[in-house]
Amino acid sequence: MQIAFLILLALIIFIYFGYPVVLSVLVFLKKEIIKTGNISPSVTLIIPAYNEQAVIRQKIENSFFLEYPKEKLEIILALDGCTDKSKDIALNYINKGLKIIEREERGGKIAALNKAVSQSKNEILIFSDANSIYEENAIINLVRNFADKKVGCVCGELKYTLKDLTSVEAGENLYWKYEKFLKEKESKLGSLLVTNGSIYAIKRELYSQIDEDLADDFVNPMRVYKQGFKVVYEPDAIAYEKVSSRFKDQFDQKVRIISQGWKATFRLWDIILSSGPLRIFEFLFHKFLRWIIPFFLIAMFISNLFLANIKFYQILLLSQVIFYVFAFIGYFSQKWGSRIKLFYIPFYFCMVNATALLALFRYLKGGETKVWEKAQTSRS
(Lines give C-alpha, C1' and ligand atoms only; values in the text may rest on other atoms or scores of the structure.)
Protein backbone atom coordinates (compact mmCIF):
# COMPACT_ATOMS: atom_id res chain seq x y z
CA MET A 1 0.00 0.00 0.00
CA GLN A 2 2.88 2.36 0.79
CA ILE A 3 4.44 1.65 -2.60
CA ALA A 4 1.14 2.34 -4.36
CA PHE A 5 0.70 5.62 -2.48
CA LEU A 6 4.24 6.82 -3.19
CA ILE A 7 3.99 5.90 -6.89
CA LEU A 8 0.76 7.87 -7.22
CA LEU A 9 2.22 10.84 -5.37
CA ALA A 10 5.39 10.79 -7.48
CA LEU A 11 3.37 10.54 -10.69
CA ILE A 12 1.18 13.52 -9.81
CA ILE A 13 4.22 15.59 -8.87
CA PHE A 14 5.98 14.64 -12.10
CA ILE A 15 2.97 15.51 -14.26
CA TYR A 16 2.75 19.03 -12.87
CA PHE A 17 6.38 19.80 -12.06
CA GLY A 18 8.64 17.13 -13.55
CA TYR A 19 7.28 17.53 -17.07
CA PRO A 20 8.23 21.25 -17.28
CA VAL A 21 11.69 20.38 -15.95
CA VAL A 22 12.22 17.66 -18.57
CA LEU A 23 11.06 20.03 -21.31
CA SER A 24 13.57 22.61 -20.10
CA VAL A 25 16.36 20.04 -20.24
CA LEU A 26 15.34 18.96 -23.75
CA VAL A 27 15.32 22.59 -24.89
CA PHE A 28 18.81 23.05 -23.45
CA LEU A 29 20.04 19.97 -25.31
CA LYS A 30 18.24 20.52 -28.62
CA LYS A 31 16.66 23.88 -29.24
CA GLU A 32 15.04 24.40 -32.64
CA ILE A 33 15.89 27.69 -34.35
CA ILE A 34 12.90 29.29 -36.07
CA LYS A 35 13.85 31.66 -38.88
CA THR A 36 11.42 34.58 -38.86
CA GLY A 37 11.21 37.19 -41.60
CA ASN A 38 9.38 40.25 -42.85
CA ILE A 39 6.90 38.48 -45.14
CA SER A 40 3.30 39.15 -46.08
CA PRO A 41 1.61 36.08 -47.58
CA SER A 42 -2.08 36.25 -48.41
CA VAL A 43 -4.13 35.62 -45.27
CA THR A 44 -7.71 34.63 -44.51
CA LEU A 45 -8.97 35.52 -41.04
CA ILE A 46 -11.89 33.27 -40.10
CA ILE A 47 -14.26 34.26 -37.28
CA PRO A 48 -16.90 31.66 -36.35
CA ALA A 49 -19.88 33.15 -34.52
CA TYR A 50 -23.08 32.02 -32.86
CA ASN A 51 -25.36 34.77 -31.51
CA GLU A 52 -22.58 37.28 -30.88
CA GLN A 53 -24.50 40.53 -31.32
CA ALA A 54 -22.97 41.94 -28.11
CA VAL A 55 -19.41 41.82 -29.46
CA ILE A 56 -19.57 41.27 -33.22
CA ARG A 57 -19.29 44.95 -34.20
CA GLN A 58 -16.19 45.44 -32.06
CA LYS A 59 -14.63 42.27 -33.47
CA ILE A 60 -15.24 43.23 -37.08
CA GLU A 61 -13.90 46.74 -36.62
CA ASN A 62 -10.87 45.34 -34.80
CA SER A 63 -10.25 42.98 -37.75
CA PHE A 64 -10.29 45.81 -40.29
CA PHE A 65 -8.02 47.88 -38.06
CA LEU A 66 -5.24 45.29 -38.04
CA GLU A 67 -1.90 46.24 -39.56
CA TYR A 68 -1.65 44.07 -42.65
CA PRO A 69 -1.78 44.79 -46.42
CA LYS A 70 -5.51 45.10 -47.12
CA GLU A 71 -5.20 43.50 -50.56
CA LYS A 72 -3.75 40.40 -48.93
CA LEU A 73 -6.24 40.10 -46.07
CA GLU A 74 -9.56 38.29 -46.47
CA ILE A 75 -11.94 38.45 -43.50
CA ILE A 76 -14.62 35.77 -43.26
CA LEU A 77 -17.39 35.81 -40.68
CA ALA A 78 -18.77 32.28 -40.39
CA LEU A 79 -22.26 32.51 -38.90
CA ASP A 80 -23.56 29.29 -37.36
CA GLY A 81 -27.34 29.34 -37.25
CA CYS A 82 -27.54 32.72 -35.53
CA THR A 83 -30.96 33.76 -34.23
CA ASP A 84 -29.99 37.22 -32.97
CA LYS A 85 -28.87 40.38 -34.80
CA SER A 86 -25.31 39.25 -35.55
CA LYS A 87 -25.94 39.04 -39.29
CA ASP A 88 -27.76 42.40 -39.42
CA ILE A 89 -24.78 44.07 -37.74
CA ALA A 90 -22.27 42.30 -39.99
CA LEU A 91 -24.09 43.32 -43.19
CA ASN A 92 -23.05 46.92 -42.53
CA TYR A 93 -19.45 45.89 -43.30
CA ILE A 94 -20.01 44.09 -46.60
CA ASN A 95 -19.01 47.17 -48.56
CA LYS A 96 -15.71 47.27 -46.65
CA GLY A 97 -14.80 43.78 -47.77
CA LEU A 98 -16.24 41.52 -45.07
CA LYS A 99 -17.26 38.13 -46.43
CA ILE A 100 -20.18 36.45 -44.67
CA ILE A 101 -20.67 32.70 -44.85
CA GLU A 102 -23.81 31.46 -43.16
CA ARG A 103 -25.15 28.14 -42.00
CA GLU A 104 -28.90 28.35 -41.52
CA GLU A 105 -28.96 25.47 -39.03
CA ARG A 106 -26.63 25.41 -36.07
CA GLY A 107 -23.92 22.82 -36.53
CA GLY A 108 -21.22 23.96 -34.12
CA LYS A 109 -17.93 25.80 -34.38
CA ILE A 110 -16.12 23.17 -36.45
CA ALA A 111 -18.95 22.94 -38.98
CA ALA A 112 -18.69 26.71 -39.41
CA LEU A 113 -14.89 26.55 -39.75
CA ASN A 114 -14.98 23.72 -42.30
CA LYS A 115 -17.43 25.63 -44.48
CA ALA A 116 -15.44 28.86 -44.22
CA VAL A 117 -12.15 27.15 -45.08
CA SER A 118 -13.72 25.51 -48.14
CA GLN A 119 -14.63 28.97 -49.43
CA SER A 120 -11.40 30.73 -48.44
CA LYS A 121 -8.76 31.59 -51.03
CA ASN A 122 -5.50 32.59 -49.33
CA GLU A 123 -2.24 30.88 -48.35
CA ILE A 124 -2.51 31.24 -44.58
CA LEU A 125 -5.59 30.61 -42.47
CA ILE A 126 -5.96 32.40 -39.14
CA PHE A 127 -8.64 31.22 -36.73
CA SER A 128 -10.16 33.58 -34.20
CA ASP A 129 -13.13 33.91 -31.84
CA ALA A 130 -15.79 36.59 -31.95
CA ASN A 131 -14.91 37.82 -28.46
CA SER A 132 -11.14 37.92 -29.00
CA ILE A 133 -9.62 41.31 -29.73
CA TYR A 134 -6.28 41.33 -31.55
CA GLU A 135 -3.43 43.75 -31.10
CA GLU A 136 -2.72 45.73 -34.27
CA ASN A 137 0.39 43.74 -35.20
CA ALA A 138 -1.00 40.30 -34.29
CA ILE A 139 -1.22 38.99 -37.86
CA ILE A 140 2.19 40.38 -38.83
CA ASN A 141 3.77 38.66 -35.84
CA LEU A 142 1.98 35.39 -36.54
CA VAL A 143 2.91 35.09 -40.20
CA ARG A 144 6.56 36.11 -39.82
CA ASN A 145 7.20 32.59 -38.51
CA PHE A 146 6.18 31.14 -41.90
CA ALA A 147 9.40 32.57 -43.31
CA ASP A 148 10.75 29.28 -41.99
CA LYS A 149 9.52 26.79 -44.59
CA LYS A 150 9.45 24.04 -41.99
CA VAL A 151 6.79 25.86 -39.93
CA GLY A 152 3.24 24.75 -40.61
CA CYS A 153 1.27 26.13 -37.67
CA VAL A 154 1.76 29.14 -35.38
CA CYS A 155 -0.05 29.78 -32.11
CA GLY A 156 -0.50 33.28 -30.72
CA GLU A 157 -0.80 34.46 -27.13
CA LEU A 158 -4.19 34.74 -25.43
CA LYS A 159 -4.30 37.19 -22.56
CA TYR A 160 -7.24 37.46 -20.22
CA THR A 161 -8.51 40.85 -19.10
CA LEU A 162 -9.58 40.73 -15.48
CA LYS A 163 -11.94 43.16 -13.77
CA ASP A 164 -12.86 41.61 -10.45
CA LEU A 165 -10.36 38.96 -9.45
CA THR A 166 -12.72 36.23 -8.33
CA SER A 167 -11.36 32.80 -7.48
CA VAL A 168 -12.44 31.48 -10.89
CA GLU A 169 -10.72 34.30 -12.76
CA ALA A 170 -7.59 34.19 -10.62
CA GLY A 171 -7.33 30.43 -10.98
CA GLU A 172 -7.75 30.64 -14.75
CA ASN A 173 -5.11 33.35 -14.92
CA LEU A 174 -2.60 31.20 -13.01
CA TYR A 175 -3.46 28.23 -15.18
CA TRP A 176 -2.70 30.21 -18.36
CA LYS A 177 0.63 31.40 -16.98
CA TYR A 178 1.56 27.76 -16.39
CA GLU A 179 0.34 26.80 -19.87
CA LYS A 180 2.32 29.66 -21.40
CA PHE A 181 5.52 28.29 -19.86
CA LEU A 182 4.81 24.85 -21.37
CA LYS A 183 4.01 26.40 -24.76
CA GLU A 184 7.30 28.27 -24.79
CA LYS A 185 9.29 25.11 -24.09
CA GLU A 186 7.38 22.89 -26.53
CA SER A 187 7.67 25.59 -29.19
CA LYS A 188 11.44 25.71 -28.80
CA LEU A 189 11.38 22.02 -29.69
CA GLY A 190 9.24 22.81 -32.76
CA SER A 191 6.53 20.63 -31.27
CA LEU A 192 3.82 22.75 -29.65
CA LEU A 193 1.13 20.27 -28.64
CA VAL A 194 -2.01 22.41 -28.75
CA THR A 195 -2.86 25.94 -29.85
CA ASN A 196 -5.11 28.74 -28.58
CA GLY A 197 -8.32 28.43 -30.57
CA SER A 198 -8.80 32.20 -30.50
CA ILE A 199 -5.50 33.02 -32.27
CA TYR A 200 -3.51 30.60 -34.40
CA ALA A 201 -2.48 30.26 -38.03
CA ILE A 202 -1.99 27.31 -40.34
CA LYS A 203 -0.89 26.83 -43.94
CA ARG A 204 -4.04 26.28 -45.96
CA GLU A 205 -2.50 23.33 -47.81
CA LEU A 206 -2.12 21.49 -44.48
CA TYR A 207 -5.75 21.89 -43.41
CA SER A 208 -8.20 19.06 -43.92
CA GLN A 209 -11.82 18.83 -42.85
CA ILE A 210 -12.27 18.16 -39.12
CA ASP A 211 -14.96 16.03 -37.51
CA GLU A 212 -17.56 18.41 -36.15
CA ASP A 213 -17.41 17.08 -32.58
CA LEU A 214 -13.65 17.56 -32.20
CA ALA A 215 -11.55 20.61 -31.28
CA ASP A 216 -9.67 22.30 -34.11
CA ASP A 217 -6.94 23.65 -31.81
CA PHE A 218 -6.10 20.06 -30.84
CA VAL A 219 -6.55 18.32 -34.20
CA ASN A 220 -4.82 20.82 -36.48
CA PRO A 221 -1.44 20.94 -34.68
CA MET A 222 -1.45 17.13 -34.45
CA ARG A 223 -2.02 16.76 -38.18
CA VAL A 224 0.47 19.49 -39.09
CA TYR A 225 3.25 17.94 -36.98
CA LYS A 226 2.53 14.48 -38.42
CA GLN A 227 3.06 15.91 -41.92
CA GLY A 228 6.60 16.88 -40.93
CA PHE A 229 6.10 20.57 -40.13
CA LYS A 230 6.92 22.48 -36.97
CA VAL A 231 4.23 23.83 -34.67
CA VAL A 232 5.43 26.92 -32.82
CA TYR A 233 4.32 29.60 -30.38
CA GLU A 234 4.51 33.34 -31.06
CA PRO A 235 4.12 35.29 -27.79
CA ASP A 236 4.08 38.66 -29.58
CA ALA A 237 0.91 37.84 -31.55
CA ILE A 238 -1.55 38.83 -28.84
CA ALA A 239 -5.30 38.49 -28.46
CA TYR A 240 -7.32 39.69 -25.47
CA GLU A 241 -10.38 38.02 -24.04
CA LYS A 242 -12.50 38.59 -20.97
CA VAL A 243 -12.46 35.48 -18.82
CA SER A 244 -15.81 34.52 -17.38
CA SER A 245 -16.17 35.09 -13.66
CA ARG A 246 -18.97 32.53 -13.39
CA PHE A 247 -18.09 29.12 -12.03
CA LYS A 248 -20.67 27.38 -14.24
CA ASP A 249 -19.32 28.96 -17.43
CA GLN A 250 -15.76 27.85 -16.74
CA PHE A 251 -16.85 24.41 -15.56
CA ASP A 252 -19.05 23.68 -18.60
CA GLN A 253 -16.44 24.97 -21.03
CA LYS A 254 -13.68 22.78 -19.60
CA VAL A 255 -15.92 19.71 -19.59
CA ARG A 256 -16.70 20.28 -23.27
CA ILE A 257 -13.04 20.85 -24.20
CA ILE A 258 -11.75 17.76 -22.40
CA SER A 259 -14.60 15.64 -23.80
CA GLN A 260 -13.51 16.71 -27.26
CA GLY A 261 -9.95 15.86 -26.27
CA TRP A 262 -10.96 12.30 -25.39
CA LYS A 263 -12.73 11.90 -28.72
CA ALA A 264 -9.77 13.29 -30.62
CA THR A 265 -7.38 11.02 -28.74
CA PHE A 266 -9.06 7.83 -29.88
CA ARG A 267 -9.75 9.02 -33.42
CA LEU A 268 -6.20 10.31 -33.89
CA TRP A 269 -4.47 7.56 -31.95
CA ASP A 270 -2.60 6.35 -35.03
CA ILE A 271 -1.32 9.88 -35.70
CA ILE A 272 -0.22 10.35 -32.09
CA LEU A 273 1.61 7.01 -31.91
CA SER A 274 3.36 7.53 -35.25
CA SER A 275 4.50 11.11 -34.53
CA GLY A 276 7.64 10.09 -32.65
CA PRO A 277 8.81 9.76 -29.03
CA LEU A 278 8.79 13.50 -28.28
CA ARG A 279 5.20 13.94 -29.41
CA ILE A 280 4.05 10.88 -27.47
CA PHE A 281 5.85 12.13 -24.35
CA GLU A 282 4.22 15.57 -24.68
CA PHE A 283 0.79 14.12 -25.22
CA LEU A 284 1.04 11.76 -22.26
CA PHE A 285 2.22 14.30 -19.71
CA HIS A 286 0.67 17.51 -21.03
CA LYS A 287 -2.78 16.06 -21.71
CA PHE A 288 -3.64 12.39 -21.27
CA LEU A 289 -2.31 11.77 -17.75
CA ARG A 290 -3.66 15.14 -16.60
CA TRP A 291 -7.13 14.04 -17.66
CA ILE A 292 -6.96 10.99 -15.40
CA ILE A 293 -5.37 12.68 -12.38
CA PRO A 294 -8.76 12.62 -10.56
CA PHE A 295 -8.46 8.83 -10.38
CA PHE A 296 -4.92 9.15 -9.03
CA LEU A 297 -6.11 11.59 -6.38
CA ILE A 298 -8.98 9.34 -5.29
CA ALA A 299 -6.75 6.26 -5.18
CA MET A 300 -4.08 8.16 -3.27
CA PHE A 301 -6.57 9.38 -0.67
CA ILE A 302 -8.03 5.89 -0.17
CA SER A 303 -4.61 4.26 0.11
CA ASN A 304 -3.62 6.98 2.59
CA LEU A 305 -6.57 5.99 4.79
CA PHE A 306 -5.16 2.48 5.08
CA LEU A 307 -1.81 3.93 6.16
CA ALA A 308 -3.26 6.27 8.78
CA ASN A 309 -1.67 4.29 11.60
CA ILE A 310 1.77 5.54 10.52
CA LYS A 311 2.82 9.00 11.70
CA PHE A 312 4.23 10.16 8.37
CA TYR A 313 1.09 9.18 6.50
CA GLN A 314 -1.10 10.77 9.16
CA ILE A 315 0.52 14.09 8.29
CA LEU A 316 -0.03 13.50 4.58
CA LEU A 317 -3.66 12.54 5.17
CA LEU A 318 -4.26 15.63 7.26
CA SER A 319 -2.65 17.75 4.54
CA GLN A 320 -5.00 16.31 1.95
CA VAL A 321 -8.03 16.89 4.15
CA ILE A 322 -7.02 20.52 4.78
CA PHE A 323 -6.42 21.05 1.06
CA TYR A 324 -9.88 19.77 0.15
CA VAL A 325 -11.50 21.77 2.95
CA PHE A 326 -9.82 24.89 1.55
CA ALA A 327 -11.13 23.95 -1.90
CA PHE A 328 -14.61 23.57 -0.43
CA ILE A 329 -14.36 26.99 1.20
CA GLY A 330 -13.07 28.39 -2.09
CA TYR A 331 -16.10 27.03 -3.91
CA PHE A 332 -18.44 29.02 -1.71
CA SER A 333 -16.25 32.10 -1.36
CA GLN A 334 -15.94 32.47 -5.16
CA LYS A 335 -19.55 33.63 -5.17
CA TRP A 336 -18.41 36.68 -3.18
CA GLY A 337 -15.31 37.38 -5.29
CA SER A 338 -12.71 35.93 -2.94
CA ARG A 339 -9.15 37.18 -3.49
CA ILE A 340 -7.46 34.84 -1.00
CA LYS A 341 -4.94 32.58 -2.78
CA LEU A 342 -5.09 30.19 0.13
CA PHE A 343 -8.58 29.22 -1.04
CA TYR A 344 -8.76 29.85 -4.78
CA ILE A 345 -5.76 27.74 -5.74
CA PRO A 346 -7.12 24.55 -4.08
CA PHE A 347 -10.59 25.41 -5.39
CA TYR A 348 -9.42 25.86 -8.98
CA PHE A 349 -7.27 22.72 -8.83
CA CYS A 350 -10.25 20.67 -7.69
CA MET A 351 -12.55 22.32 -10.21
CA VAL A 352 -10.22 21.44 -13.08
CA ASN A 353 -9.96 17.82 -11.96
CA ALA A 354 -13.70 17.58 -11.42
CA THR A 355 -14.23 18.74 -15.01
CA ALA A 356 -11.77 16.10 -16.22
CA LEU A 357 -13.70 13.41 -14.36
CA LEU A 358 -17.07 14.54 -15.69
CA ALA A 359 -15.67 14.93 -19.20
CA LEU A 360 -14.55 11.29 -19.25
CA PHE A 361 -17.97 10.13 -18.11
CA ARG A 362 -19.60 12.31 -20.76
CA TYR A 363 -17.32 10.87 -23.41
CA LEU A 364 -18.09 7.30 -22.33
CA LYS A 365 -21.81 8.09 -22.46
CA GLY A 366 -21.40 9.61 -25.91
CA GLY A 367 -22.47 13.09 -24.84
CA GLU A 368 -22.86 15.82 -27.50
CA THR A 369 -19.98 18.28 -27.59
CA LYS A 370 -19.95 19.75 -31.09
CA VAL A 371 -21.89 22.94 -30.36
CA TRP A 372 -20.57 25.64 -28.07
CA GLU A 373 -22.46 27.61 -25.45
CA LYS A 374 -21.28 31.14 -24.84
CA ALA A 375 -20.04 32.23 -21.45
CA GLN A 376 -22.25 35.28 -21.22
CA THR A 377 -20.06 37.25 -18.85
CA SER A 378 -17.14 36.98 -21.22
CA ARG A 379 -19.09 38.52 -24.06
CA SER A 380 -20.76 41.51 -22.47
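Guide: The side chains of Lys263 and Asp213 form a salt bridge, 3.4 Å from N to O. This is a predicted model: local features need pLDDT of at least 70, side-chain atom pairs count only at pLDDT 80 or more, and totals for chains, interfaces and linings use all residues. Residues are numbered from 1 along each chain as its sequence is written, and side-chain values use heavy atoms, leaving out hydrogens and water.

Visitor: Why is the pair Lys263 and Asp213 called a salt bridge?

Guide: The term needs a side-chain nitrogen of Lys or Arg within 4 Å of a carboxyl oxygen of Asp or Glu. Here the N to O distance is 3.4 Å, so the pair of Lys263 and Asp213 qualifies.

Visitor: What makes Lys263 buried?

Guide: Buried means under 20% relative accessible area, exposed over 50%, partly exposed in between (1.4 Å probe, protein chains only). Lys263 has 9%, so it is buried. Asp213 has 15%, so it is buried too. Salt bridges with shared partners join Asp211, Asp213, Lys263 and Arg267 into one network.

Visitor: Why does Arg144 count as partly exposed?

Guide: Its relative accessibility is 24%, so Arg144 falls in the in-between class. Arg144 meets Glu234 in a salt bridge, 3.2 Å from N to O. Glu234 is buried, at 6%.

Visitor: How do you know that Lys99 and Glu74 meet in a salt bridge?

Guide: Their N to O distance is 3.7 Å, so the pair passes the 4 Å limit. Lys99 is partly exposed at 28%, whereas Glu74 is buried at 9%. The structure holds 14 salt bridges.
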